[in-house]
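Work through these exercises with the model open. Try each task before you read its solution.

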Amino acid sequence: MPLPPAGFDNELVYRDHVSRLLAAKNTVFSISGRIPLDPSQLVLFFRTKSGITHSLDFPIDVDYNTPPALDVLIAACRPHQTSDLDSYADHESLFYPPNLPLTTSLEIANHPILAAVRTTLFPNLPEGHYLTAVRDRLEVVSSGGRMGPQSRTLRNDGRVATLSVTLPVRFRGGCMIVRSESYGAEEKYYGRGGKTGDMEWTAFLTDCDYEVETVEKGCRVSILYGVYLKSFGTGVGAAAEPLINPSDGLFDLLAPVLNMSRGRKIGFFLCHDYGVNPAEVLAESIVPHLKGGDSILYHALKLYKLNPELHWTAGGYIWAVDQTVESLSEDVSAPGPTMYSPMPAYPLTMGTPAMRGAFGLPDADQVVNLRHRIEASGALPLPEADVTVLTDGGALGKERVPFVSGPSLEKLCVNTLIVVFVP
């Protein structure tokens, strides 16, 4: 049997290392980082069963001086149900009772922690969905103690992740281990031991278990937050909570318009540009990105229990809600097919620059050819679609679809309509 070539074993080891690296890159279930906060600005407030409120200042080094408030805090804690050292009360991992008031001067919303959690643990989260953090509990592991595995079933409250913030109390050891059942992997976070400087945090997905190894010295204190997924705004489902409420003045202006439009399908032009290609995406995809008056009007129609839809429109034509604008890759100056639908009565703009007019082609034959291609793509004239457009000639938002016209590349200006039927 011939021997493998020189360096063959090294190549296999190299490939194995690369495979492990890429596998870890694509199976992210936990992440850690730091909060740029001066520990002296952090204060912990808590109330014991006696009704007395205490405050705990940071940073703390129990080897030099243990604040009385820390002793009171630890005395008020209870052991974890998963503690495997029940016979050694001094070495149990503890948590502060959730029924007793506890708060800190640390505001998670003031730091981009949730943004970092979103980009790493939830990279495919759609628009209109947001992460919120709710304080869960405070955990304490004193010198000589450890925390046994905390099963994910203990956090079955609808959260999508858990965030642990280590408070600036000095300790040594106490490595945090996070295990993922989905990926069959684990990560270890040794941390800085509560040293003065930036505070540390660790976040992990809801299907993970975690534990803390033995604290050799000092006291490990951390606050856990439940991370929940919320949907707000438009275009994210029926259960979405709106972020804005239109003013009463707008409702007063909208009410007579809707009352006088009963039994009709009406349309409002969007007035902002959204930088999308109508040949590639549906108009409905803009809904989560609506801004300014477009968003306010859409919200107002939804609050009237109507069902507004977004459609592409250009040159007196309108596409169905589930249609994109046909990509006009062919030269519109070339002769088109001979069979077309009847010519609509709706006028088309001619003789204006391509970026300004509806079609804006200098040659009438090119306009006709382009119109035929638009009809062939499934677009209907607005009168035939029975849509009444309500406009006062103000500024309109424009999206653009490129197409070839003779030797040059032109752009078809496409508008967006909010179409709603008023029963």
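**Exercise 1. Describe how α4 passes α5, and what meets at the contact.**

Step 1. Find the handedness. The crossing of α4 with α5 is right-handed. A crossing is right-handed if the near helix is turned clockwise from the far one by less than a right angle, left-handed if anticlockwise.

Step 2. Locate the helices. α4 covers residues 248-259 and α5 covers residues 292-303. Helices are DSSP runs of H or I with at least four residues, strands are runs of E with at least two, and both are numbered from the N terminus.

Step 3. Axes are lines fitted to C-alpha atoms over the stretch in contact, and angles run from 0 to 180 degrees between N-to-C directions.

Step 4. List the residues. From α4 come L250, F251, L254 and L258; from α5 come I296, L297, A300, L301 and L303. Contact means heavy atoms within 4.5 Å.

Step 5. Sort them. Nine are nonpolar, none polar and none charged. Ala, Val, Leu, Ile, Met, Phe, Trp, Tyr, Cys and Pro count as nonpolar, Asp, Glu, Lys and Arg as charged, and the others, Gly among them, as polar.

This is a predicted model: local features need pLDDT of at least 70, side-chain atom pairs need 80 or more, and totals for chains, interfaces and linings use all residues. Numbering starts from 1 along each chain as its sequence is written, and side-chain values use heavy atoms, without hydrogens or water.

**Exercise 2. Which residues of β13 are buried on each side, and which strands pair with β13?**

Step 1. Count. In β13 (residues 199-205), seven of seven residues are buried. Buried means under 20% relative accessible area, exposed over 50%, partly exposed in between (1.4 Å probe, protein chains only).

Step 2. Find the partners. β1 (residues 30-35) pairs with β13 in the antiparallel sense over six bridges. β9 (residues 161-166) also pairs antiparallel with β13, over six bridges. Pairing needs at least two DSSP bridges.

Step 3. I31 is the bridge partner of A203, and T162 is that of F204.

**Exercise 3. Is Y96 buried or exposed?**

Step 1. Check accessibility. Y96 is buried because its relative accessibility is 3%.
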